[in-house]
Amino acid sequence: MLLNTFFLALREIRRNVLRSFLTILGIVIGVSAVIVMVTIGGGATAQVTDQIASLGSNLLMIRVGQHMGPGQSSTAPSFDLDDAHALYREIPAITAVAPSSSQKVTAVYGNANWSTTTTGVDNGFFSVRNWTVQSGRQFLDSELRSGKAVCVVGATVVKELFGQQDPMDAKIRLGNFSCQVIGVLEAKGQSTFGSDQDDLVLVPLRTFQRRISGNQDISLIQVSVAEGRSTDKAKSDIEFLLRERRHISGSENDNFQVRDMKEITKMLTGTTQILTTLLGAVAAVSLLVGGIGIMNIMLVSVTERTREIGIRLAIGALEREVLLQFLVEAVVLSSFGGLIGILFALAASIGLASLLKIPFIFNPGIMVIAFLFSAAVGVIFGFFPARKAARLNPIDALRHE
Amino acid sequence: MTSQLQTEGHPLVELQGVSKVYGRGTAAMKALRGVNLRIDEGEFVAVMGPSGSGKSTCMNILGCLDTPTEGKYLFKDVEVGALTRDQRALLRRHHLGFVFQGFNLLNRTSALENVELPLIYRGVKVEERHSRASKALALVGLAGWEYHTPGELSGGQQQRVAIARAIVTEPAILLADEPTGNLDTARSIEIMELLTSFNQEQGITIIMVTHEQQMAHFASRVVQFQDGLVLADKANGETL
């Protein structure tokens, strides 16, 4: 009987293609809106997470100074190399340390010049910040020790200075000294905060201190915390050690700050997730409106088909058979709308994702949910018109014009 | 009031002191006032009377579409008034066939599918459904018209489809409410001849409401209604 009813319903839908299409339009729009919003939102969240992971997970950044209000300035002393070594030595949870110092410098090659950030680093920087050398190599220990004039350049610098040329072994000018390019970094793209991560030149720390800054200061120490070790514990250990080394008494505030990338990750993904949920909720409202549209059409259809219902009842259809027929019709219609909506949403999400340059992540869960929801819309909003149809008095229904 | 002939047959349906009241209180309208009527198997009964005489109400009760306010309606010794809505639907499904004045076919649905409809509710398998529906259409002279929709058929043809739909289940009783009301005389006579042949050749009991004397002549018995009561009930001389 159920299969029979299903075919009866299909026949009804086929008999009135235009009306059926208009009926499901609301569902199509609702379902595809929900899926597109959630898919795009998921893509954006994944992108943020990816970018932060590319900075290096378990990353702690230690900077000089403290949170300042407007008009205040920091007079805190810089770190030095001994601080970095002490951290590595004293805190077992730290697997890598990358002391660094940066300065804005104009890089020149031939006729091209480009203002970029030059950072003095040691090889720890590559592992701590998840940088991969795409071609060439990292620094040799001898180069680091002697402060040789060599550099590893980021993708943006390569593009601006060399264009299509091969940068390997070329000599570029950084401020007032020239150095040889020994490696090119793999591109990372834009950071979550909107800055270009690939716009940098790396030189050995000693080279930087001698040729560019002229002092022994280190402005930033980045450390990796071992996988599975608490970053909070590492953070408090670092704070304790540095307070001691910087002779800060118990009542004074820190004159440095330790930042945990995980906190930033959490905050940012939290924000995008809230946005996704909000957008999804708005889209869900449109799905609800689509459901009311179905109820409307089904009610009209019941009135329009009163005589037909009368014929069916007179012939001997049971109340529940008529109920089932209309219910199945509504469910088939809305499920059909759900299917079209899913196809439409797939196309739209792929298009939008490539337009917004965010990854397209296939999310089968939301499709199943959207489909089930549309079917449920059919059951719920189809029920009242169906019951109205089934409860008609056959005599009155037959007389209906 | 009943003739000798009827007591010999087996009683198929019987109304015992049936009244029907519509509305309540001062607005109450008594459509039937204690009707007694017995119809036997194989009869062809024409029910006549002016409008408002209660003949349609009587048909609705006989067709199990309505229940009496007072009195008993026995269908094959079963009291219909005591049945639930669903039980009455099943009774219609298995024992009754309906033909209406307005044909009442499903629009945009082929003649074959219209005739198949009662078989669907009986749960008959597709192949058997097709062959039985085609046979029924052939019986009413519409072989070759299976895939035409009501919109493509004349009034007479539509009524034939409706008759095919009513007899495809081989019902015990065929109830026809003004079956020729929307047709011209030539078409009406064709329909009446068709009904007569089903009555005589297949032994289907037919109860027909009509206001045309000419059509009533085809029946074997004429029941005259007036003011909710049976005024006259006599065998038709012509067909006896």
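What is the average pLDDT of chain B, and what share of its residues score at least 70? In this predicted model, where pLDDT is the predictor's confidence in each residue on a scale from 0 to 100, chain B averages 89, and 95% of its residues score at least 70. Among the elements of chain B, the lowest mean pLDDT, 45, belongs to helix α1 (residues 4-8) of chain B, and the highest, 95, to strand β8 (residues 205-209) of chain B. Over residues 1-7 of chain B the pLDDT is below 50, and beyond near neighbours in sequence this stretch has seven contacts in the model, two residues being in contact if their C-beta atoms, placed from the backbone, lie within 7 Å. For the complex, the predictor gives an ipTM of 0.89 and a pTM of 0.66.

Residues are numbered from 1 along each chain as its sequence is written, while chains are lettered from A and ligands numbered from 1 in the order in which they are written. Because the model is predicted, local features need a pLDDT of at least 70 and side-chain atom pairs count only at pLDDT 80 or more, whereas totals for chains, interfaces and linings use all residues. Helices (H or I, at least four residues) and strands (E, at least two) are DSSP runs, numbered from the N terminus.

In chain B, six strands form an open sheet of mixed pairing, in the order β6-β7-β8-β3-β9-β10, two strands being paired if DSSP finds at least two bridges between them. Strands β6 (96-99) and β10 (229-235) of chain B stand at the edges with a single partner strand each, so one side of each is left without a neighbour in the sheet. From one strand to the next, the twist averages 15°. Strand β9 (residues 221-226) of chain B pairs with β10(B) in the antiparallel sense over six bridges, and Val222(B) stands opposite Lys234(B) in β10(B).

Helix α6 (residues 155-167) of chain B lies across β6 and β7 (173-177) of chain B and runs at about 170° to β6(B), where axes are lines fitted to C-alpha atoms, for helices over the stretch in contact, and angles run from 0 to 180 degrees between N-to-C directions. This helix also packs with helix α7 (residues 185-201) of chain B at an angle of about 15°, the axes being 10 Å apart. Helices α6(B) and α7(B) are therefore roughly parallel to each other (angles under 35 degrees count as roughly parallel, over 145 as roughly antiparallel, 65 to 115 as roughly perpendicular and the rest as oblique). Among the residues that make the contact are Ile163(B) and Ile167(B) of α6(B), together with Leu194(B) and Phe198(B) of α7(B). By class, the residues of this contact divide into five nonpolar, three polar and two charged; Ala, Val, Leu, Ile, Met, Phe, Trp, Tyr, Cys and Pro count as nonpolar, Asp, Glu, Lys and Arg as charged, and the others, Gly among them, as polar.

In chain A, the axes of helix α3 (residues 81-90) and helix α8 (residues 231-245) come within 11 Å and cross at roughly 135°, which makes α3(A) oblique to α8(A). Their contact has five nonpolar, no polar and three charged residues.

Between the chains, the contact takes 19 residues from chain B and 17 residues from chain A. On the side of chain B that touches chain A, α3 (85-95) and α4 (111-121) of chain B are the elements that give two or more residues, and α3(B) gives the most, with six.
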